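Trainee: I would like to learn how to read a protein model step by step. Could we begin with the overall layout and then move on to the details?

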Amino acid sequence: MKNVILCSPDFIRLNSNISDNVNSKVLATAIRETQDDELQEILGQPLLEKLQDLVEDDTIENPENKIYKDVLDKAQMFIVYKVIAEIIITLNCKVDNAGLIQTSDENMTPMSLDDTFTLKQHYDTKASHYAYLLQNFLMENLNLIPELTEFQAWKIKSTLYSAASPSIFLGGPRGRGWFRFF
């Protein structure tokens, strides 16, 4: 994978309720993981690499790349909420030489692990909403984006059938079934 991030830590801080004190290293790692895992699953590797190329050579704003800029803009809030969902547990618990620790001081009380997972689920649900909007946009503009293969379009269409991430386990990750829903 390329070493190009599509959403900056500052954008995440500006467009969410996380503190300005959250370490950029933690955010950058979560952005990378979100891009390489979650966003690639939606866009497919060819389209993700195309976006990274356009960002890297600073041509994403060119008029001929408008559709790619639109895809990137639609992906931003998905990345924001998915990154927050990913860092919640990391920020609540630290792995250190002393083992697994939970940070606290006299003025702050750390959340319980149950509350931490509930909050993670909240942000995952928000990310699912923005994933749904991104996937709809991709399907509406399928003919304008040559990097979207027929297989990737099929995957997007199958996850649009059931795009929510429910709070109970229903037997597997969403959109990973073998059935065709169209």
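This is a predicted model: local features need pLDDT of at least 70, side-chain atom pairs count only at pLDDT 80 or more; totals for chains, interfaces and linings use all residues.

Trainee: What percentage of the 182 residues in the protein is buried?

Mentor: Burial is judged from relative accessible area, with under 20% counting as buried, and in this protein buried residues make up 38% of the 182 residues.

Trainee: How should I read the length of a helix such as α5?

Mentor: One compares the span of the helix with the span expected at 1.5 Å a residue, and α5, with its 28 residues, reaches 40 Å from its first C-alpha to its last, close to the expected 40 Å. The buried residues of α5 include Tyr123, Ala127, Ala131, Leu134, Gln135 and Leu138.

Trainee: At what angle do helix α2 and α5 pack?

Mentor: For a pair of helices one looks at the angle and at the separation of the axes; α2, residues 24-43, packs against α5 at an angle of about 30 degrees, and their axes are 10 Å apart. On the α2 side the contact is made by Leu39, Ile42 and Leu43, while α5 contributes Ala131, Leu134, Gln135 and Leu138. By residue type, this contact of α2 with α5 divides into 6 nonpolar, 1 polar and no charged.

Trainee: How many aromatic pairs does a search of the whole structure find?

Mentor: The search finds 3 aromatic pairs. In one of them, Tyr81 and Tyr123 are stacked, with 6.0 Å from centre to centre and 20 degrees between the planes; planes under 30 degrees apart count as stacked. This pair links distant parts of the chain, with Tyr81 in helix α4 (residues 66-92) and Tyr123 in helix α5 (residues 113-140), 42 residues apart. Both Tyr81 and Tyr123 are buried, and together with Tyr130 they form one aromatic cluster.

Trainee: Phe151 and Trp154 also form an aromatic pair, so why are they separated by about one helical turn?

Mentor: Phe151 and Trp154 are about one helical turn apart because they lie 3 residues apart in helix α6, residues 150-161. Their rings are stacked, at 5.8 Å centre to centre and 25 degrees between the planes.

Trainee: Is Phe151 buried or exposed, and which of these does Trp154 count as?

Mentor: Phe151 counts as exposed because its relative accessibility is 52%, whereas Trp154 counts as buried because its value is 17%.

Terms used
Residues are numbered from 1 along each chain as its sequence is written. Side-chain values use heavy atoms; hydrogens and water are left out. Rings of Phe, Tyr and Trp (its six-membered ring) pair if their centres lie within 6.5 Å; planes under 30 degrees apart count as stacked, over 60 as edge-to-face and the rest as tilted. Helices (H or I, at least four residues) and strands (E, at least two) are DSSP runs, numbered from the N terminus. Buried means under 20% relative accessible area, exposed over 50%, partly exposed in between (1.4 Å probe, protein chains only). The expected span of a helix is 1.5 Å times one less than its number of residues. Axes are lines fitted to C-alpha atoms, for helices over the stretch in contact, and angles run from 0 to 180 degrees between N-to-C directions. Contact means heavy atoms within 4.5 Å. Ala, Val, Leu, Ile, Met, Phe, Trp, Tyr, Cys and Pro count as nonpolar, Asp, Glu, Lys and Arg as charged, and the others, Gly among them, as polar.
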